Amino acid sequence: MREITLSKAVNEAIAEEMRRDPTVFLMGEDVAEAGTPFKVLAGLVEEFGTERVIDTPISEPGFVGLAVGAAMTGTRPIVDLMFGDFIFLVMDQLCNQAAKTHYMSGGKLSVPMVLRTNMGATRRSAAQHSQSLHALVAHIPGLKVAMPSSAYEAKGLMKTAIRDNNPVVIFEDKLMYQDKAPVPEEEYLIPFGVANVKREGTDITLIGTSSMVQVAEAAADILASEGISAEVIDPRTIVPLDEETLIKSVKKTSRAIVIDEGHQSYGVTGEIAARLNEKAFYHLDAPVVRMGAMDVPVPFSPALEDITVPTPEGVAAMARKLCSGEMIHAA
Amino acid sequence: MAKAAKTNTEDYLRMYTQMVRIRAFEDNANQLYLSAKMPGLTHMSSGQEAVAVGICEALTPEDKITSTHRGHGHCVAKGAEFKAMFCELLGKEEGYCRGKGGSMHIADQSNGNLGANAIVGGSMGIATGAALSAKMQKTGAVAVCFFGDGATAQGLWYEVMNMAALWGLPVIYACENNGYSEYTRTDEIAAGSITARAEAFGIESYDLDGQDVLAVNDLTQKLVERCRKGEGPFFMNLKTYRYHGHHVGDINREYYRAKDEESEWKTTRDPITNFGKWLEGEKIATTDELIEINNSVRKEAEEAVAYALEAKYPDVSEVDMHVYVA
Amino acid sequence: MPLDVIMPALGMAQDSGVIVSWLKQPGDAVAEGDALFEVETDKATMEVEAQGKGYLTDVTAAAGESVPVGQVIARISDSAEGSGTAPASASAPASDAKNKASAKPMPEGREVIMPALGMAQDSGLLVSWQVAPGDKVGAEDVLFEVETDKAAMEVPAGFDGYVAALLAEAGEDIPVGGVVAIISTDKPEAPFAQSARSADKPPATPAAAPDQAEATKPAPAKPKPEKPQSAARSDGRILASPKARRLALERGLDLHRLVEVGHPQPFHVRDLEALANLPDATATPAAGAASRRLCARLPAAGFEAFCAWASGTLDIGDTNALLAGFAAACLRTDDSALLVEVETFGTAHAYQDPDRPWLGQAKRQSADTTPALRIRDLRHSALSLVEIGAEDCPVLTLSQRKSSVTVTLECGADQLSAQDAIALLTGFAGRMEQPLRHLL
């Protein structure tokens with residue numbers, strides 16, 4: 001199978017959906033000729049024109065608000081938010097307007113829009129361009145949240161997102177744009193709420209999101225060389241969350257580590273760990289451990305930044321402790 | 001008054017009736033609230049009827065409006081029914097939003113009302129987006145964004161006006177300027193001229209008397225036509241007055257607004273009374289006919305309230321329905 | 001000073017660039033601003049200029065190669081010959097650099113690691129060093145003393161050579177597999193000793209030296225038995241995983257019994273195996289109840305000769321039946337039924353009244369009820385001394401060292417009185433020593 005970059009996969013997904021459905025359009029800062037700073041959308045304006053690939057002023061609340069209104073009235077906007085950090089700017093439009101419109105209207109109005117943005121540290125971009133803020137929007141009912149872990153997921157999830165009749169936020173890891181993965185030429189969709197068991201194992205379950213799936217897989221490799229069999233699961237969407245697959249796995253392995261690049265406190269790792277605790281408690285032989293980003297603003301210095309995010313070695317070390325029965329954080 | 005003509009008798013009487021319907025709706029809502037039959041909080045638009053009716057009477061059901069927390073008038077003016085509105089206010093299953101929105105979120109998409117909004121200025125993006133999609137889809141529809149003078153302090157307005165002007169979107173920003181930002185005189189929080197702010201974006205702007213329904217309707221008709229021809233956006237600064245406090249329950253308000261001022265607006269500038277006098281003067285309707293309109297509207301409102309009070313609450317199983325589109 | 005030529009970061013989402021072509025060749029003179037090479041990043045191709053003048057040297061990346069951003073790919077040197085050393089990668093992330101920054105250079109040599117010696121051991125306490133840095137050592141020489149589980153033992157060097165470095169101090173607990181010393185072939189120039197807490201010791205590398213001595217193999221990492229973490233809590237609460245609790249409940253196992261035998265907490269699923277293997281609780285004397293242990297030693301020859309004779313002359317091949325018969329005869333006080341169990345090589349057989357039929361004719365039957373006595377024949381094992389504690393019935397254990405057999409009787413005080421215990425062991429030992437007495 002051919003291999004393409006995550007960037008190319010997103011581009012293909014959007015182009016295919018824009019060809020399929022004339023109501024789909026793109027808007028955001030520098031999405032047209034510039035194709036975004038990451039060049040993900042390069043070439044789309046040539047095919048679809050500036051009427052459907054719209055460059056906006058640097059007015060995040062403004063153009064997200066426009067997208068909400070446009071989505072309520074017969075179109076399917078894809079909004080590009082240049083950095084995930086800017087999500088704080090659009091919170092009212094996203095969380096008070098887009099997320100609640102369908103519910104507040106008793107099901108009469110809907111907001112079929114996609115907000116695509118990014119996440120991920122270690123690009124030396126410091127505290128306002130490195131955050132992974134998906135937990136913030138995952139907290140708000142009415143929004144769906146997808147987190148592709150490779151080019152394959154990026155394309156399949158994006159196409160599903162565009163066809164979804166709800167507001168969907170997609171977080172792409174900005175460090176993975178140039179990462180290649182096999183992506184079929186034929187059309188495919190990846191349904192929301194269906195986790196992918198990337199690797200089967202018996203001793204411990206490693207649940208990772210986005211680039212943390214790669215971290216989990218690398219940790220599983222380390223552990224395999226030591227005779228510990230790790231199962232790696234990528235939930236792919238955190239809203240909706242495929243709880244069933246996660247719980248089934250943990251019932252089998254009786255141990256789990258949840259790895260996510262958002263800040264550890266009050267985040268995705270805590271949420272998933274809590275659900276496993278509630279629904280697989282009597283099958284746990286060790287505490288479910290959260291491994292998120294450190295609870296610090298992302299530092300600029302590479303020497304500091306690199307230690308704020310989970311690593312394969314760190315995950316493997318924790319897995320080793322859990323499998324050996326060592327007490328974690330014993331009082 | 002703008003013009004004297006008997007050819008539009010039906011339109012005039014409908015405008016009068018619609019204003020009376022808004023006043024009747026608000027009086028009943030106020031009573032429901034004060035008698036503790038209505039949950040939550042609510043904001044009366046009594047006194048501002050000419051703005052809602054003058055504008056909405058210039059629109060078709062395909063044209064969109066976005067409304068505010070003070071939105072009952074817009075909803076009625078855009079064509080909503082009393083029963084479903086009162087049911088919504090009381091959280092009943094037959095409400096426009098199945099009881100999930102309430103007073104501050106009534107939406108009536110069948111008549112082009114994209115919903116009231118409880119965030120001040122929160123709907124400015126939505127209205128502008130509706131105009132963007134109308135332009136993209138070449139539907140010819142126009143969007144009207146209602147907001148109060150308090151909302152002119154929100155940055156979102158300037159972002160969306162910029163885009164609307166850049167892209168020539170068919171949107172009319174209608175500022176219901178009642179002079180107060182919640183519990184504060186707007187001239188204490190707004191610098192310079194509000195109209196000049198829109199003009200800075202190259203948006204054609206109008207100051208007008210929001211108590212004169214004919215003037216409002218006349219200008220809106222012209223601007224809507226121009227919007228349909230791609231000459232939008234526009235801004236209207238409509239001087240009006242809210243008879244009640246910021247919300248029902250804002251009774252002791254002399255610290256920010258004098259009673260003399262309120263009674264002067266009510267006695268000399270009431271949009272319904274003045275338009276009624278004009279209709280009589282122009283021999284479009286007799287006093288008795290106007291009284292009959294008032295009586296029948298009052299009756300309709302009381303019946304709707306009685307119906308809503310008896311109506312069924314939504315089943316608890318609906319609580320997690322409509323979080324997502326299935 | 002030569003200037004490094006690096007792969008520049010040009011695109012937003014770029015972490016490497018492809019060198020399209022070199023526009024200068026090694027040895028070429030270059031001036032500041034000269035285009036050096038063409039690079040492709042994201043979607044654009046651009047030329048990279050020289051940042052100073054000199055000669056292009058030490059080119060380490062060829063056209064067509066993808067190079068990580070920040071990596072040195074050439075130098076601009078003062079002479080066309082260059083520096084003679086390949087440029088070091090500039091792309092090493094800071095975290096790596098941090099690990100290396102403070103590292104003391106490790107001497108060349110074989111690594112000696114903390115060996116896995118005990119069953120439930122994942123670290124060893126270094127009690128003392130028997131050598132000093134710089135000492136010459138032979139493979140058999142004792143290098144250090146280590147305490148694991150309950151035993152202290154001496155660890156030999158394993159290789160001939162010199163002690164180049166001691167990487168742990170006496171009193172430190174070292175994980176199994178951790179490197180504690182380095183032995184060099186040649187006399188080291190600067191031998192040293194340091195604490196294991198120093199961050200710069202080489203990591204434990206299980207595959208470090210294929211020819212390592214047997215004793216220094218790292219322990220397997222597959223779920224190790226955990227080290228004791230805590231004794232029973234004073235408040236009586238048990239630390240156990242939810243799954244272990246659920247399975248114990250489902251299987252009717254009582255976790256308190258693990259606490260009683262001092263099994264280390266917290267309990268996990270694997271500890272249930274130990275729990276299940278504990279003797280049946282109902283027949284076990286309460287913890288702390290007095291137990292008896294008596295030993296008798298006798299020459300092995302008498303019983304061995306008798307067995308050979310019985311087998312050859314009387315065609316009696318079941319040694320266990322003989323033992324059971326001896327024991328039953330010593331134990332019997334009346335005519336009631338007497339069940340004796342004999343356990344050999346881990347399997348148990350029961351004999352009903354083995355003293356009643358003619359010598360050695362008693363038939364085996366399955367051992368599913370608690371017998372009056374159990375004989376555990378461990379003569380063929382390496383054990384020379386047993387102290388197991390009271391079980392669900394009195395137990396006679398046979399062990400052998402060279403030509404003498406030790407018979408140990410263990411029982412609860414409520415199972416046999418002191419007199420009965422003495423009589424049983426005396427009688428049984430006498431019969432084993434002189435089997436013919438039994439026939440009389």
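Start by selecting residues Glu49(B), Ala50(B), Val51(B), Ala52(B), Val53(B), Gly54(B), Ile55(B) and Cys56(B): these residues of helix H2(B) are buried. Put another way, eight of the eight residues in H2(B) are buried, so the helix is mostly covered, where buried means 20 or more other C-beta atoms within 10 Å of a residue's own. Keep in mind as you click around that you're looking at a predicted model.

What does H2(B) pack on? To find out, bring up the strands next. Select the open sheet of chain B, where five strands line up in the order S1-S2-S3-S7-S6 with parallel pairing. Its edges are strand S1 (64-66) and strand S6 (204-209) of chain B, each of which pairs on one side only. Look along the sheet for the twist, which averages 20 degrees from one strand to the next. Now bring H2 (residues 49-56) of chain B back into view: this helix packs on the sheet and touches S1, strand S2 (143-148), S3 and S7 of chain B. Its direction makes about 165 degrees with that of S3(B).

Stay with the sheet and pick out strand S3 (residues 171-177) and strand S7 (residues 234-239) of chain B. The two run parallel and are joined by six bridges.

Time to zoom out to the whole of chain B. You'll find 11 helices and seven strands here. Of its 326 residues, 53% count as buried. Take the contacts in chain B between residues at least 6 apart in sequence: 77% of them join residues at least 24 apart.

Next, colour the place where the chains meet. There, 34 residues of chain B are in contact with 37 residues of chain A. On the chain B side, helix H5 (124-137) and helix H6 (155-167) each supply at least two residues. Which helix gives the largest share of that side? It's H5(B), with 12 residues. Colour the chain B side by class and you get 18 nonpolar, 12 polar and four charged residues.

Last stop: select chain A. This chain has 11 helices and 14 strands, and buried residues make up 60% of its 331 residues. Among contacts in chain A between residues at least 6 apart in sequence, 79% join residues at least 24 apart.

Definitions and conventions. Residues numbered from 1 in each chain as written. Chains lettered and ligands numbered in written order. Predicted model: local features only at pLDDT ≥ 70, side-chain atom pairs only at ≥ 80, totals over all residues. Pairing = 2+ DSSP bridges. Helix = DSSP H or I, 4+ residues; strand = E, 2+ residues; numbered from the N terminus. Axes fitted to C-alpha atoms, helices over the stretch in contact; angles between N-to-C directions. Contact = placed C-beta atoms within 7 Å. Buried ≥ 20, exposed ≤ 12 C-beta atoms within 10 Å, placed from the backbone. Nonpolar A, V, L, I, M, F, W, Y, C, P; charged D, E, K, R; others polar.
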